[in-house]
Amino acid sequence: MIEVKDLHKGFGDVQVLKGISTSFEPGKTSLIIGQSGSGKTVFLKSLIGLHTPEKGTISFDGRINTQFTTEEKRQWRQEIGMVFQGSALFDSQTVEENVMFPLKMFTKQVEEEMLERVNFVLKRVNLENSNHKFPAELSGGMQKRVAIARAIVMNPKYLFCDEPNSGLDPNTAILIDELIQEITQEYKITTVINTHDMNSVMQIGQKIVFLKNGVKAWEGTSQEIFKTDNEAVVKFVYSSELFKKVRKAYLNETK
Ligand SMILES: Nc1ncnc2c1ncn2[C@@H]1O[C@H](COP(=O)(O)OP(=O)(O)OP(=O)(O)O)[C@@H](O)[C@H]1O
């Protein structure tokens with residue numbers, strides 16, 4: 001469980017996050033949505049410790065990240081998996097080497113043990129028989145699967161994904177969403193995703209936090225987002241005609 005309390009973060013005179021409080025539960029896929037510039041990236045970077053808040057706390061299963069000792073911080077870093085926008089794979093390394101990287105970096109496992117774990121996670125993301133390929137030889141969706149395999153290879157408690165669907169076609173995007181959701185539930189991971197993808201909001205938003213100008217303007221589930229009258233959410237999420245129709249159909253169905 002991640003608990004965020006009264007989080008403030010700014011740069012110079014510009015206050016970006018203005019007192020955000022929320023929580024993210026294990027086994028659930030939580031999404032951060034909001035207009036460009038609303039503070040999603042600053043929020044995600046604060047969660048993973050790349051930004052230090054001026055005020056407020058972020059606790060990971062009761063442990064406040066700004067109070068970690070060096071050893072606790074090292075331990076916590078190993079509990080975090082990250083899927084970056086654009087996958088961020090090492091181009092000169094094979095799929096196997098990419099996925100093995102965190103194990104080499106953080107564990108003292110012997111090659112055989114590491115390979116067993118790498119093969120296990122590659123199988124889990126449906127990427128068997130690609131061990132010796134290079135990222136350039138893979139499709140965007142396959143690269144995302146490698147990035148997910150690398151993010152879960154250390155068996156993380158917390159998984160953070162920055163725009164995991166960017167650059168993917170709608171079908172592949174749905175498959176990647178489903179994969180992240182399955183893995184989250186299966187391994188009881190606390191997963192937080194920054195997204196612009198409204199399909200994801202409808203499909204996998206077990207918790208959605210809507211940011212507006214650095215403030216949490218709304219939170220709820222993907223079912224609740226269909227029903228909400230919150231003006232800012234409706235304006236943002238239902239700006240497209242397609243989603244307006246989807247919402248109307250949902251509301252008629254559930255009358
Ligand atoms: N390191 C920084 N220094 C100064 N200002 C920053 C810094 N990082 C972000 N900002 C400002 O914080 C605000 C929020 O930026 P952020 O990147 O979090 O938005 P976002 O919601 O992720 O947008 P997008 O959807 O376009 O990625 C912006 O006005 C941005 O200019």
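Reader: At roughly what angle do the axes of helix α3 and helix α4 cross?

Author: This is a predicted model, in which local features need pLDDT of at least 70, side-chain atom pairs count only at pLDDT 80 or more, and totals for chains, interfaces and linings use all residues. Residues are numbered from 1 along each chain as its sequence is written. Helices (H or I, at least four residues) and strands (E, at least two) are DSSP runs numbered from the N terminus, and axes are lines fitted to C-alpha atoms, for helices over the stretch in contact, with angles from 0 to 180 degrees between N-to-C directions. The axes of α3 (residues 95–106) and α4 (residues 111–124) come within 10 Å and cross at roughly 125°.

Reader: How are α3 and α4 therefore oriented to each other?

Author: Angles under 35 degrees count as roughly parallel, over 145 as roughly antiparallel, 65 to 115 as roughly perpendicular and the rest as oblique. The crossing of α3 and α4 is at roughly 125°. The two helices, α3 and α4, are therefore oblique.

Reader: Are α3 and α5 roughly parallel or oblique to each other?

Author: The helices α3 and α5 pack with their axes 7 Å apart, at an angle of about 30°. Their orientation is therefore roughly parallel.

Reader: Which residues of α5 make the contact with α3?

Author: The side of α3 contributes Val95, Asn98, Val99, Phe101 and Pro102. By class, the contact of α3 with α5 has six nonpolar, one polar and one charged residues. The partners in α5 are Val146, Ala149 and Arg150.

Reader: At what angle do helix α5 and helix α6 pack?

Author: Helix α5 spans residues 140–152 and helix α6 residues 170–186, with their axes 10 Å apart. The angle makes α5 roughly parallel to α6. Its value is about 15°.

Reader: Which element gives the largest share of the shell around the ligand?

Author: A residue is near a molecule if its C-beta atom, placed from the backbone, lies within 6 Å of it. The residues around the ligand are Phe11, Val14, Val16, Gly34, Ser36, Gly37, Ser38, Gly39, Lys40, Thr41 and Val42. Two or more residues of this shell come from each of β2 (14–24) and α1 (40–47). The largest share, three residues, comes from α1.

Definitions and conventions. Two residues are in contact if their C-beta atoms, placed from the backbone, lie within 7 Å. Ala, Val, Leu, Ile, Met, Phe, Trp, Tyr, Cys and Pro count as nonpolar, Asp, Glu, Lys and Arg as charged, and the others, Gly among them, as polar.
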